[in-house]
Amino acid sequence: MKITSAKFVISNSEAAKCPPERIPEYAFIGRSNVGKSSLINMLTGNKSLAKTSAKPGKTQLINHFKINENWFLVDLPGYGYAKVSKKVKATFQKFITDYFETREQLVCAFVLIDIRLEPQKIDLEFFTYLGESQIPFIMIFTKADKIGVTKVDQAVKNYQKAMLAENWAELPPYFVTSSETGRGREEILAYIDELNQD
Ligand code: GTP
Ligand code: MG
């Protein structure tokens, strides 16, 4: 799929105030600093569309970007900046869980995972939260440029193993990406294109 336009629409801290349009929507979520905003910029080919920073905690609001005039990419604040708590609702800011639980236009959540890290408890908790809330999601491994080729497969397997250990019957689709090299761009855009047709 070709991106012909990508425009910032609105930032807000209330799910209820998100754009009312009934068009397909894909949300980027994951730990602070994992590369959510960078991936949005990489996919849209616009380095200054979403604000990025080397310091965690840059994105603080729900940000809607309208793509090709007919679907949304949503940049969300990161989680896991503070400590892990047993209660998902206490760990993930309420306006984020409100967003996931009320946003009917959401087709699929893209959960970003830093490929360099061992499976993180907070990510596994977030998968469980999405599963329990019946929200479809896929995994996107980020920063693949930072590790060797052989380590990529191992990192993916480690996460899958951790999910199987938590009794996931089915593993979600995944993509390996780098916002530096553009790796994964075509595959993700093709995946979105397919979902947009449904
Ligand atoms: P928050 O908004 O704070 O939750 O962070 P975020 O997940 O939006 O991360 P962001 O896109 O701001 O990127 C965080 C840092 O990681 C920045 O310094 C980016 O340049 C860097 N980064 C993001 N993606 C990649 C990547 O694929 N490769 C490399 N090498 N660096 C990356
Ligand atoms: Mg961000």
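Which residue of β6 stands opposite Ile-113? In this predicted model, the residue in question is Phe-141. The pair belongs to the contact between β5 and strand β6 (residues 137-142), which run parallel and are joined by six bridges. On β5 there is also a pairing with another strand: six bridges link strand β5 (residues 106-114) to strand β2 (residues 25-30), again in parallel. Here, Cys-108 in β5 has Tyr-26 standing opposite. Getting from β5 to β6 involves helix α4 (residues 121-132), and the three elements make up a β-α-β unit that is right-handed.

Zooming out, the protein has seven strands and six helices, and reading along the sequence gives the pattern β-β-α-β-β-α-α-β-α-β-α-β-α. Its radius of gyration comes out at 16 Å, close to the 16 Å that the globule rule gives for 198 residues, so the protein is as compact as a globular protein of that length. Taken along the principal axes, the box filled by the C-alpha atoms is roughly 40 × 35 × 35 Å. As for burial, 35% of the 198 residues count as buried.

Around ligand 1 sit 23 residues, of which Gly-35, Ser-38, Thr-52, Thr-59 and Gly-78 come nearest. By type, this shell splits into 13 polar, six charged and four nonpolar residues. Helix α1 (residues 36-44) gives the most to the shell, supplying three residues.

Terms used. Residues are numbered from 1 along each chain as its sequence is written. Chains are lettered from A and ligands numbered from 1 in the order in which they are written. This is a predicted model: local features need pLDDT of at least 70, side-chain atom pairs count only at pLDDT 80 or more; totals for chains, interfaces and linings use all residues. A residue is near a molecule or strand if its C-beta atom, placed from the backbone, lies within 6 Å of it. Helices (H or I, at least four residues) and strands (E, at least two) are DSSP runs, numbered from the N terminus. Ala, Val, Leu, Ile, Met, Phe, Trp, Tyr, Cys and Pro count as nonpolar, Asp, Glu, Lys and Arg as charged, and the others, Gly among them, as polar. The radius of gyration is taken over C-alpha atoms; the globule rule is 2.2 Å times the number of residues to the power 0.38. A residue is buried if 20 or more other C-beta atoms lie within 10 Å of its own, exposed if 12 or fewer, and partly exposed in between; C-beta atoms are placed from the backbone. Two strands pair if DSSP finds at least two bridges between them. A crossover is right-handed if, with the strands pointing away from the viewer, the path from the first strand over the helix to the second runs clockwise.
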